[in-house]
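Okay, thanks for making time, everyone. Let me put the model up and then walk through a few spots in it.

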Amino acid sequence: PPNSPTFLTVFQKTAFSVHLRWNTSAPSSSVTNYTVFYANLNATGVTSREQSFVIPRQLTAVIPNLNPYTMYSFQVSASLLKGKIEGSRSDFIYVQTLEAAPSAPPQNFTAVVVSFNSS
């Protein structure tokens, strides 16, 4: 099986996606695809059900449909023979997505004029 990918990093993130890149330890001609494994973490560090995303022979991935302001763990593995021989996974990285913009302007608020008299 191929060695685990190295230097898994985030090069861009939004409220709803994370852009990852990594280096390969295997000859690029032998790798048929990479699999990105990810799960979101709650406040106590417990992960949700792990999900995966298959990337054909490239060293970058965009993981879409994530939740805003949420912590995720990511790992990557390389596969040979179209997934029949999967290598070990990379080290974990942890990434928090950005906050989302409000979906609507604030409602039901009142502005109060405050004056300051310095006498």
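So, is threonine 97 buried or exposed? Threonine 97 is buried, at a relative accessible area of 2%, where buried means under 20%, exposed means over 50%, and partly exposed is in between, with a 1.4 Å probe and protein chains only.

Quick housekeeping before I go on. This is a predicted model, so local features need pLDDT of at least 70 and side-chain atom pairs count only at pLDDT 80 or more, while totals for chains, interfaces and linings use all residues. Residues are numbered from 1 along each chain as its sequence is written, and side-chain values use heavy atoms, with hydrogens and water left out.

On confidence: pLDDT is the predictor's confidence in each residue, from 0 to 100. The protein averages 87, and 94% of the residues score at least 70. Confidence is highest in strand 2 (residues 18–23), at a mean of 96, and lowest in strand 7 (residues 85–86), at 84. Strands here are DSSP E runs of at least two residues, helices are H or I runs of at least four, and both are numbered from the N terminus.

Back to threonine 97, which sits in the segment after strand 8 (93–96). What does its side chain reach? A polar atom of that side chain lies 2.6 Å from the backbone oxygen of asparagine 67, and one lies 2.9 Å from the backbone nitrogen of threonine 70. For polar contacts, I mean N or O pairs within 3.5 Å; within protein, one atom must be able to donate a hydrogen and the other to accept it, and residues adjacent in sequence count only if both atoms are side-chain atoms.

Now threonine 70 itself. Threonine 70 is in the loop between strand 5 and strand 6 and counts as buried, at 13% relative accessibility. Its side chain reaches the backbone oxygen of proline 68 at 2.9 Å and the backbone oxygen of asparagine 67 at 3.3 Å. Leaving aside neighbours within four places in sequence, threonine 70 is in contact (heavy atoms within 4.5 Å) with Asn40, Val95, Gln96 and Thr97.

Four bridges join strand 2 to strand 5. Threonine 60 in strand 5 is the bridge partner of arginine 21, and histidine 19 stands opposite valine 62.

The largest one has 19 residues, and Leu20, Trp22, Val36, Ile63 and Phe74 have the most contacts inside it. Strand 6 (71–80) gives the largest share, five residues.

Last one: isoleucine 85, in strand 7, is partly exposed at 31%. Its contacts beyond four places in sequence are Pro1, Pro2, Ala78, Ser79 and Leu80. Its C-alpha is separated by 9.8 Å from that of threonine 32, 53 residues apart along the chain.

Methods:
Pairing = 2+ DSSP bridges. Core = buried A, V, L, I, M, F, W, Y, C linked by side-chain atoms within 4.5 Å.
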